[in-house]
Amino acid sequence: MTNTLKAFGIMLATAALVAVMGLAPTTVLAEKPPIKIGFIHTMSGPISMYGITSAAGAKIAVEEINAAGGVMGRKLQLIVRDDKISPEAGLREAKDLVLKEKVDFLAGTISSGVALAISGYARRAKKIYMINIAQSTRITEEKFNKYTFRFTTNATPYFGKGPALALAKTYKAKKIISLGYDYEMGKNSLKEFKATYLKMVPDAKIIDELWVPLGSTDFTAHIAKMANSGADCFYLAGIYGGGELAFTKQAWSFGLYDKMKAVQPCAGDVETWGKVKQGDPYPKNALATCRYPFWAIKGDQNANFVKQIREMTGLWPSYGSMDAYVIMYAIKDAVTKAGTTETQKVIKALETLKMDTFVGPVEMRAYDHQAMMPTWYGIMRFTPDLPFPHITDVGKLGAESYHTVEQIKKVRGK
Amino acid sequence: MVWFLIAAGLSIIFGTLKVLNLAHGSLYMLGSFCCYQVTVSLAGVPGNFWLAVLVAPLVVALVGGIIEIFLLRPIYKAEMIYQYILTFALVLIIAEACKMIWGTGYHSVAVPWPFKGSVGMFGLSFPIYNLFLIAMGPVVFIGLRTLINKTDLGRNIRAVTENREMANALGTNVPRVYTGVFMLGAWLAGLAGSLWPPVSVVMLGSDMAVVIDCFIIVVIGGLGSLAGAFVGALILGLTTAFGLYLIPKLAVAFGFILMIIILIIRPYGLMGEPE
């Protein structure tokens with residue numbers, strides 16, 4: 001008796017399941033298929049905070065767009081994958097997303113190496129790839145391809161040209177001493193900085209250039225030299241992350257920040273200094289660039305975005321999260337404008353894209369597919385509003401801080 | 001002066017074991033990560049940094065002991081080139097292991113009590129902790145000298161260094177002395193690794209940056225000579241500082257130039273003895 005009952009129950013349950021499963025496709029079919037976006041980012045490991053906040057930023061935008069009716073009646077669908085900061089893994093995920101998931105767009109990532117690998121694949125697969133963090137100028141200059149777009153600043157406005165413009169607008173230092181890591185990025189940053197700054201402040205001078213081997217964490221001899229050099233300002237070329245932290249600790253303990261002005265391009269982003277508390281060493285009064293000073297941007301939309309990221313991830317919103325949010329709206333605008341998701345037509349629409357975002361107007365430059373995302377600058381201080389040191393007296397730089405089209409033509413040898 | 005600790009370890013290992021340990025910088029880096037780990041695990045415990053300075057070098061010494069017994073011992077008889085390959089492999093293995101355990105991020109350790117703050121000296125404020133580090137150099141130097149010249153253990157080490165066959169014949173347990181010396185060298189590297197983080201950061205890549213400087217120090221001073229390592233460290237520090245004052249753009253090359261000059265004039269180093 002119990003057995004028959006059981007069997008009957010199972011049959012009933014199966015029937016119900018089949019009915020539900022049978023129903024599901026019909027409801028989906030009633031809708032148009034979604035526009036799929038493959039979002040590849042570094043979701044695990046020590047720098048996963050970038051990937052996690054970026055994916056959250058993209059998700060917030062997708063939910064907003066879908067709640068407002070989607071794009072031409074189609075919903076956006078985000079598929080997030082982990083590249084583990086490895087070009088091989090990134091490429092594998094990109095291939096899988098395009099071939100298996102049949103995504104319409106690729107987006108994301110932090111490492112320029114991974115971004116270059118995906119960019120190369122995007123060209124072969126004829127899919128649009130939109131970068132939200134990777135900084136190397138090579139992606140949009142030497143290694144440019146028409147399928148790749150970048151919606152974030154690149155190394156030029158961030159490390160060299162931007163800080164020079166900012167210095168000319170703020171401290172206007174006359175005697176500058178530079179300290180850099182002895183490698184390509186360090187040398188390029190100083191070259192860029194020098195060329196821009198000396199043109200704007202003609203009576204200024206770079207009195208000395210100091211270099212340390214890449215990876216070195218002992219700057220004491222250099223700091224002593226800087227302190228006694230008679231300079232009124234120092235500029236860090238290509239020293240960021242751990243090196244910058246080590247330098248700052250030592251410069252702080254030797255009182256260098258009280259002796260002269262400082263330009264530390266990377267100090268503005270929350271990722272390096274977010275864990276530093278009042279009383280710890282930090283680049284006091286240093287002029288810094290920043291890719292998303294969320295504390296200084298006005299408007300409910302920004303405040304709401306910060307709140308949502310905090311709730312979703314428990315982290316401060318990285319610039320990657322803001323860029324990813326902008327990218328989702330760029331997809332919406334471009335597809336709406338093109339009237340289709342067909343790659344070549346969307347590329348045309350993206351090239352002339354002008355957007356109004358919560359960080360201000362953003363324009364795409366057709367020549368190198370570099371969005372003219374703003375770069376902010378300001379003076380590093382503690383204020384009662386935030387638990388970590390951040391840029392204050394914030395100013396904003398736009399297209400003027402990027403390489404000009406003529407400069408890029410020269411780089412590409414055209 | 002911290003570099004002296006590492007160079008001293010490198011030098012005594014070479015002096016006794018005749019092994020050029022390329023992985024010495026990696027042991028230093030391992031010490032840094034261990035120090036960071038202990039300070040984090042014991043966050044809030046007073047004196048956690050000093051506990052880390054006690055524990056981390058011991059961990060590194062233990063790792064050193066394992067390396068000596070299981071990896072180096074079987075290949076002493078083989079050609080020198082195999083030791084290079086083995087210790088270079090260790091550089092890669094230790095770096096990857098650190099990456100797996102602690103990730104590619106960077107970590108910071110605060111300046112410990114009672115060495116916070118700085119004092120005014122020659123018109124420049126000088127951090128007290130740096131003074132402490134400078135003092136550590138001579139302290140460790142004298143300690144090591146005493147250990148080698150005045151104790152039984154030291155006598156054994158000197159005997160094995162002088163002539164390993166004869167020492168063996170006279171009843172010294174040569175393999176045990178080898179293990180002990182290697183562990184001592186590793187301990188010094190670990191000590192340097194745990195003393196350095198308060199003025200800097202703990203991060204990957206510091207192994208290679210350090211080991212190159214230490215090789216310069218040891219070559220200047222003479223391989224195998226403790227006093228040589230001490231003098232070499234002083235000379236390299238002064239050369240870098242003066243180089244920065246005279247020709248800042250070329251300061252990066254000064255250490256190497258000095259090394260080349262000494263290799264030409266005195267190929268066995270300032271304090272070394274010709275073979």
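I read chain B along its sequence and got the pattern α-α-α-α-β-β-α-α-α-α-α-α-α. I took helices (H or I, at least four residues) and strands (E, at least two) as DSSP runs, numbered from the N terminus. By that count chain B has 11 helices and two strands.

I noted that this is a predicted model, in which local features need pLDDT of at least 70, side-chain atom pairs count only at pLDDT 80 or more, and totals for chains, interfaces and linings use all residues. Residues are numbered from 1 along each chain as its sequence is written, while chains are lettered from A and ligands numbered from 1 in the order in which they are written.

**Overall form of chain B**

I looked up the extent of the C-alpha trace of chain B, which spans about 55 × 45 × 35 Å along its principal axes. The radius of gyration, taken over C-alpha atoms, I compared with the globule rule of 2.2 Å times the number of residues to the power 0.38. For 275 residues a compact globule would come near 19 Å, and chain B, at 19 Å, agrees. I called a residue buried if 20 or more other C-beta atoms, placed from the backbone, lie within 10 Å of its own, exposed if 12 or fewer, and partly exposed in between. Buried residues are 47% of the 275 in chain B. I counted a contact where two C-beta atoms, placed from the backbone, lie within 7 Å. Of the contacts in chain B with a separation of 6 or more, 74% join residues 24 or more positions apart.

**α6(B) against α8(B)**

I checked helix α6 (residues 152–162) of chain B against helix α8 (residues 174–195) of chain B: they pack at about 105 degrees, with axes 10 Å apart. I used lines fitted to C-alpha atoms over the stretch in contact as axes, with angles from 0 to 180 degrees between N-to-C directions. α6(B) is therefore roughly perpendicular to α8(B), a label for 65 to 115 degrees; under 35 is roughly parallel, over 145 roughly antiparallel, and the rest oblique. On α6(B), B:Asn156, B:Ile157 and B:Val160 meet B:Val174, B:Val177 and B:Val181 of α8(B).

**Chain B against chain A**

I found 26 residues from chain B and 28 residues from chain A in the contact. On the chain B side, α10(B) gives the largest share, four residues.

**A:Ile60**

I placed A:Ile60 in helix α2 (residues 48–67) of chain A. A:Ile60 is buried, with 20 other C-beta atoms within 10 Å. Leaving aside neighbours within four places in sequence, A:Ile60 is in contact with A:Phe305, A:Gln308 and A:Tyr325.
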